[in-house]
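The stops below are given in the order in which they may be selected.

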Amino acid sequence: MPTPMVAALCSPWRIGRVEIPTRLVLAPMAGVSVQAFRRQGRRYGAGLVCSEMVSCAGLHHGNERTLGYLRIARDEHPLAVQIFGSEPTVMAEAARMVEAAGADLVDINFGCPVRKVTKTGAGATLLDEPERASRIVAAVAEAVEVPVTVKMRRGLENGSRTCLEVGPRLVEAGAAGLTLHPRSARQMYTGTADHRLTAELVERVEVPVIASGDITCAHEARAVLDATGCAAVMVGRAAQGNPWALRAVLGEEDAEPTREEVAAELVLFMRETVRELGERRASGFLKKFYSWYLGAGRFPRAFRQEIVRLSSVEEVEQRVLAAAPDAHGLLETLERDLPRAGEVTLELPISAYGGG
Ligand SMILES: Cc1cc2nc3c(=O)[nH]c(=O)nc-3n(C[C@H](O)[C@H](O)[C@H](O)COP(=O)(O)O)c2cc1C
């Protein structure tokens with residue numbers, strides 16, 4: 001029986017006028033959050049899914065690959081597209097493109113700790129430039145009708161409490177929601193997320209706060225909701241190659257998937273990703289997913305090693321299905337229940353972006 005808090009996880013909430021069916025949000029992850037990942041996340045109970053961070057400069061210059069990130073399927077909604085950059089006017093222009101592509105929310109990245117991004121004045125560095133950060137939020141909020149949210153880290157340095165100062169200023173500038181990953185940028189992904197800061201942030205702002213960091217099961221999700229009063233929890237790494245973790249966080253199912261279920265979801269994911277990225281890009285992109293799906297004791301190590309060495313996606317599909325023959329039926333059911341490609345609105349033509 002679900003406990004009362006788990007029931008709350010399954011209850012709807014809002015960011016501005018956008019209704020979100022559950023309090024579980026699938027994290028934006030660069031190199032991971034493709035359309036197939038987001039659609040799968042929605043099927044497994046995420047109430048809101050997010051694109052990976054999209055470069056405003058790339059959108060501004062009409063970079064084809066960047067524009068490809070704006071392809072949104074009908075069954076992803078509600079969906080946030082996340083943008084990063086450092087110039088308010090360029091960010092505002094990018095936000096308009098994101099809105100035109102059909103996103104329900106524009107999310108701004110003030111959390112990326114990676115040097116390639118921070119050295120351009122974007123991502124987490126903006127936490128140390130509250131004036132500019134506020135101008136960015138104000139410009140973006142002014143540019144679009146959809147709600148604008150911000151995702152941030154606790155600050156740049158270990159022990160920093162900058163997010164507690166900056167967060168309320170961003171809300172004043174127009175942010176309709178905040179996500180906090182309470183690690184410092186310096187920490188990258190080491191140590192632990194300190195959700196005591198999330199609780200303090202919740203106290204300081206009137207908008208919904210999403211808690212991100214180290215949430216992998218229903219117990220942790222409940223603990224963070226209880227302890228912080230946040231509106232929703234976000235799950236990232238735990239869902240890599242593991243959509244079942246999302247159901248488990250919602251308290252719906254805790255069982256490990258069978259080999260057949262794993263094989264069927266993986267093959268579906270592969271087919272969808274090839275459709276989205278094209279065979280050449282997909283074959284490199286998918287390699288990390290093979291380890292994620294087939295690891296965790298689900299398939300023998302030797303089998304995983306063999307799979308990652310195969311050169312074509314088609315060969316991988318054949319080997320995976322041969323190793324779990326009963327997956328065929330499950331795969332057929334999954335494909336039958338998905339909206340067919342023709343029913344999915346790709347807001348931008350595939351041909352123009354080489355994704356098909
Ligand atoms: C591979 C990877 C890529 C990420 N990319 C982004 C990103 O593009 N934008 C962002 O706001 N956060 C990004 N994050 C951070 C996650 O959204 C999340 O805040 C963080 O992983 C902590 O949550 P978790 O413990 O549930 O993974 C990324 C994390 C990982 C592991």
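**From the ligand to an aromatic pair**

Select R237 first: an N or O atom of its side chain is 2.8 Å from an oxygen atom of the ligand, a polar contact being a pair of N or O atoms within 3.5 Å. The model is predicted, with local features requiring pLDDT of at least 70 and side-chain atom pairs pLDDT 80 or more, while totals for chains, interfaces and linings use all residues. Residues are numbered from 1 along each chain as its sequence is written, and side-chain values use heavy atoms, without hydrogens and water.

Next, show the backbone of G236, where a polar atom lies 2.9 Å from an oxygen atom of the ligand. At D214, a backbone N or O atom is 2.7 Å from a ligand oxygen atom. The protein buries 87% of the 610 Å² that the ligand exposes when taken alone (Shrake-Rupley method, 1.4 Å probe).

Finally, which type of pair do W244 and Y293 form? The structure holds seven aromatic pairs, defined by ring centres within 6.5 Å. The rings of W244 and Y293 have centres 6.5 Å apart and planes at 90 degrees, so this pair is edge-to-face (planes over 60 degrees apart).

Methods. A polar contact is a pair of N or O atoms within 3.5 Å; within protein, one must be able to donate a hydrogen and the other to accept it, and residues adjacent in sequence count only if both atoms are side-chain atoms. Rings of Phe, Tyr and Trp (its six-membered ring) pair if their centres lie within 6.5 Å; planes under 30 degrees apart count as stacked, over 60 as edge-to-face and the rest as tilted.
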